[in-house]
Amino acid sequence: MQTIYDYDLKQLEDVLAVYGQKPYRAKQMYSWLYRKRAVSFDEMTDLPASLIEQLKEQYVIMPVKEVDRQVSHDGTMKFLLELADGSSVEAVLMHFDYGESLCVSSEIGCNMGCTFCASGLLKKQRNMTAGEMTGEVMYVQKLLDEMGRRVDNIVIMGTGEPFDNYDNVMRFCRIVNSDLGLAIGARHITISTCGIVPRINDFAAEHVQYNLAVSLHASNDELRRQLMPIDKAYPLDELMKALKAYSVDNHRRLTFEYILLHGVNDLDQNAIELARLIHGMNAYVNLIPYNEVDENGYHSTDAKTALHFYDVLMKHGVKATLRTRHGEDIDAACGQLRARHEKEKADQ
Ligand code: SAH
């Protein structure tokens, strides 16, 4: 059965109109779903009983079920969540000084084929619906409610390429951003893409305030192509052109993600090239420690080299942050926990 989380407010009004209901009912339901975090339609006591019965026949509320959880000594929690069709996705909750950040998946598996990433070990099976993504957030929010905490930030950096599932991802953002619901501010929602240029152009044209992060990971096309096949379809000059246009047109600062891979992309020359590549852009670089994935042979850069790389960037006028590692004692790399579970299932 479909989850009622699938609808943004406007769509929910349309759905309820079919049942002969006025638009204000959608607002009432939004409040039940996202503010009071109802998990059954029976709780919605100000809705007509007949409507509740109709909704129960057609919809469920919570579309996910927890099947595994790993908790790191630093508090990072990784959830493996099962969907109605039996497929599973990961969501990761990280605690920062500025609040709780939830990393959500956007597709079941991923077809982008980045060679360093565990998610690509399992090909894409299908898109996630907006409601399934919302389910990831609501499931974790309900746990946080017990501790009086809330999901402050959402990063769409789990398994999947959000711009390969554009419409559902944008709808998901609208749902969690809605003032009448969770009201997570647009600037607290980050979409991370590997660089699908036509969708970056679409995103630019929508003039929404969500943050855009771009996985760069390389300072030239030759290197990027080895790491990220998407570079063959959309090489760096096209990507940078689209990003500059987006940033200027929307007055927004971009984030570039750059994982440091030992001996691959962490040389001085790479830092200098990277500085040249993004020169003049309103952007900063997030240097990310690599979570090693057994299957692919890449190693993470040691702390000293990472700091040196950061220094070279700074010297060349690039604003950068050196991120600390989260959850290194659990299967924290994108797709690792899920890949292990799927393998165990297959081995049974
Ligand atoms: N497809 C999107 C979002 C999902 S990946 C994208 O490419 O941005 C989220 C981020 O995690 C990307 O920057 C990705 O390159 C990075 N990543 C993937 N595997 C990783 C690993 N093992 N260690 C560290 N970062 C990883």
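The model is predicted, so local features need pLDDT of at least 70, side-chain atom pairs count only at pLDDT 80 or more, and totals for chains, interfaces and linings use all residues. Residues are numbered from 1 along each chain as its sequence is written, and side-chain values use heavy atoms, leaving out hydrogens and water.

**Around the ligand**

Let's start with the ligand, which 20 residues surround (a residue is near if one of its heavy atoms lies within 4 Å). Glu-161 and Asn-291 are among the closest. The table lists polar contacts, meaning pairs of N or O atoms within 3.5 Å.

| Side chain (N or O atom) | Distance to a ligand oxygen atom |
|---|---|
| Ser-192 | 2.6 Å |
| Ser-215 | 2.6 Å |
| His-217 | 2.5 Å |

The protein covers 93% of the 530 Å² of accessible area that the ligand has on its own (Shrake-Rupley method, 1.4 Å probe). Strands β10 (189-193) and β12 (254-260) each supply at least two residues of the shell; strands are DSSP E runs of at least two residues, and helices are H or I runs of at least four, numbered from the N terminus.

**The sheet and its helices**

What order do the strands of the open sheet follow? The 10 strands run β3-β4-β5-β6-β9-β10-β11-β12-β13-β14, with mixed pairing (two strands pair if DSSP finds at least two bridges between them). At the edges, β3 (65-71) and β14 (320-322) each pair on one side only. Strands β4 (77-82) and β5 (88-96) run antiparallel, joined by 6 bridges, and Leu-80 stands opposite Glu-90 in β5.

Helix α4 (130-145) lies across β3, β4, β5, β6 and β9, where contact means heavy atoms within 4.5 Å.

Note on methods. A polar contact is a pair of N or O atoms within 3.5 Å; within protein, one must be able to donate a hydrogen and the other to accept it, and residues adjacent in sequence count only if both atoms are side-chain atoms. Axes are lines fitted to C-alpha atoms, for helices over the stretch in contact, and angles run from 0 to 180 degrees between N-to-C directions.
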